[in-house]
Amino acid sequence: MLRSLQQLPADPILGLSAACRADPNPGKVDLTVGIYMDEAGVCPVFEAIQMAQRALVEEEVTKAYLPAAGDESFNTGLQRLVLGEGSAALLEGRVSSIQTPGGCGALRIGAEIVHAAAPDARVWVSDPTWPVHIPLLGSVGLEFRTYNYYDPATHGVNFDAMVEDLKNAVAGDVVLLHGCCHNPCGADLTLPQWGVIAEMAERQGFTPFVDFAYQGLGDGLEEDAAGLRLLVSRLPEVIVAASCSKNFGLYRERVGAAIFVCSDAANARAILSQSQAAARRVYSMPPAQGALLAGRVLSDDRLGAIWRTELSAMCQRINGLRSDLRRALEAQCGGDFAFIEREKGMFSFLGLSAEQAQRLRHEHSVYMLDSSRINVAGVNARNIGYIAESVAKVL
Ligand SMILES: Cc1ncc(COP(=O)(O)O)c(C=O)c1O
């Protein structure tokens, strides 16, 4: 039976990162996978997480399963972090959430619930979107439609075209939005633009599904949640896939949550039971470690303050790297790279052709996707000059 299956090509992003690891050039630069790297080129463990981990090792007395919906202090802490302390939807008890293996698990559980509620729902995704959205949501059986989003000419959002496309989204459809730090383009909606999307959802009846994987890495924890919270303040139903991979540095621990803002408390309870059943079908029980660590940080004022300071430093460093990279590229290549500074989060399209991105890999060992998407957080003081010189050579 197994022999009938053929080997698949490597994942386009992970395959490039593996190629970079195998490259013997000591000056190689990996700008492929979306992982935060510090100045030393290391993806660090937050001090707050290390402290929580030491306490957990001391106190842990069991490895029995967590409850099916996950760790309670994690779930309530993350709901507050995402929706805001004073969220009316939270106070009205019409929010339920389930701890998931990463943001990917949350996207998948969200898709399972959408499919259970509306099997013919169409999911509207931005052009471009994170490529993993397609298998994660599509394998549930949902159909896709694309809305215009990124304009390579301006390196910004083509909002008029987005609105034009979304006029075709109807009640029973889902519109997938990147809550902040759009992956892959780094171009985000402004708050007034979120307001327009809220009005359209109110009028047309579609349901926003917000992928929220980078809270705290754009402008700050509260600022990055403003668009999502605006939707929640105006609409009866919003689905959120939250990830703790980047903002808690818990990538490999696989922790996130599918959060459902429902029209009333009874429906929130119904959706919780449906999400538990969906998780049971897909992976049965959530992993514990990451949620226990994030839950502890979120429920302990001292750890929480340390974590917020660390996250804010990360965010400021990314924004500093954006300015530095803009200056380095403008100095080496001429032209206007101001867009790098305007964008948010870890990603940016440099605007190179696939052939130029390939030459950067083959001739200079600078690895980025063929689309010229870079992970800005892979830049540091040691490699920035080399990156800019190499880009100038292929331009
Ligand atoms: C846009 C987007 N959504 C969701 C995720 C979820 O990541 P994870 O499952 O590692 O939490 C990522 C991670 O790279 C992402 O870029």
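**Close-up views of a predicted model**

**View 1. Contacts of alanine 294.** Leaving aside neighbours within four places in sequence, alanine 294 is in contact with Phe74, Cys244, Phe248, Leu250 and Val255. In this predicted model, Ala294 is also among the residues with the most contacts inside the largest nonpolar core, together with Val240 and Val297. That core has 119 residues. Helix H13 (residues 301–333) gives the most to the core, with 10 residues. Both domain 1 (2–44 + 304–394) and domain 2 (65–299) give residues to the core, so it lies between them.

View 2. Phenylalanine 74 is found in helix H3 (residues 72–83). Phenylalanine 74 counts as buried because 28 other C-beta atoms lie within 10 Å, where 20 or more are required. Apart from neighbours within four places in sequence, its contacts are Gln99, Ala291, Ala294, Gly295 and Leu298. The C-alpha atoms of phenylalanine 74 and glycine 290 are separated by 9.5 Å, although the two residues are 216 residues apart along the chain.

**View 3. The contact between the two domains.** The chain is divided into domain 1 (2–44 + 304–394) and domain 2 (65–299). Their centres, taken over C-alpha atoms, are separated by 26 Å. Domain 1 puts 23 residues into the contact, and domain 2 puts in 23 residues. On the side of domain 1 that touches domain 2, H13 and strand E11 (347–349) each supply at least two residues. H13 has the largest share of that side, with eight residues. By class, this side of domain 1 has 12 nonpolar, seven polar and four charged residues.

View 4. Five of the five residues of strand E7 (residues 174–178) are buried. In a regular strand the side chains alternate between the two faces of the sheet. In E7, Val174, Leu176 and His178 point one way, while Val175 and Leu177 point the other way. Strand E3 (residues 122–127) runs parallel to E7 and is joined to it by two bridges. Strand E8 (residues 207–212) also runs parallel to E7, with five bridges between them. Valine 175 in E7 stands opposite tryptophan 124 and opposite proline 208 in E8.

**View 5. The shell around the ligand.** The residues around the ligand are Gly34, Gly102, Gly103, Cys104, Trp130, Asn183, Asp211, Ala213, Ser243, Ser245, Tyr251 and Gly256. Helix H5 (residues 102–117) gives the most to this shell, with three residues. The shell divides into four nonpolar, seven polar and one charged residues.

**View 6. Two cis peptide bonds.** The peptide bond from aspartate 127 to proline 128 is cis, with omega near 0°. Proline 128 is found in the loop between E3 and helix H6 (133–138). Asparagine 183 and proline 184 are also joined by a cis peptide bond, with omega about 25°. Proline 184 is found in the loop between E7 and helix H8 (191–204). Asparagine 183 is one of the residues around the ligand.

**View 7. Two serines with positive phi.** Serine 284 is not a glycine, yet has a positive phi of about 70°. The loop between helix H11 (265–282) and helix H12 (289–299) holds serine 284. Serine 284 is exposed because 9 other C-beta atoms lie within 10 Å, and 12 or fewer count as exposed. Serine 365 also has a positive phi, near 60°, and is in the loop between helix H15 (354–364) and strand E12 (366–367). Serine 365 has 19 C-beta neighbours inside 10 Å, so it counts as partly exposed.

Key:
Residues numbered from 1 in each chain as written. Predicted model: local features only at pLDDT ≥ 70, side-chain atom pairs only at ≥ 80, totals over all residues. Near = placed C-beta within 6 Å. Helix = DSSP H or I, 4+ residues; strand = E, 2+ residues; numbered from the N terminus. Nonpolar A, V, L, I, M, F, W, Y, C, P; charged D, E, K, R; others polar. Core = buried A, V, L, I, M, F, W, Y, C linked by C-beta atoms within 7 Å. Domains from an automatic or database assignment. Contact = placed C-beta atoms within 7 Å. Pairing = 2+ DSSP bridges.
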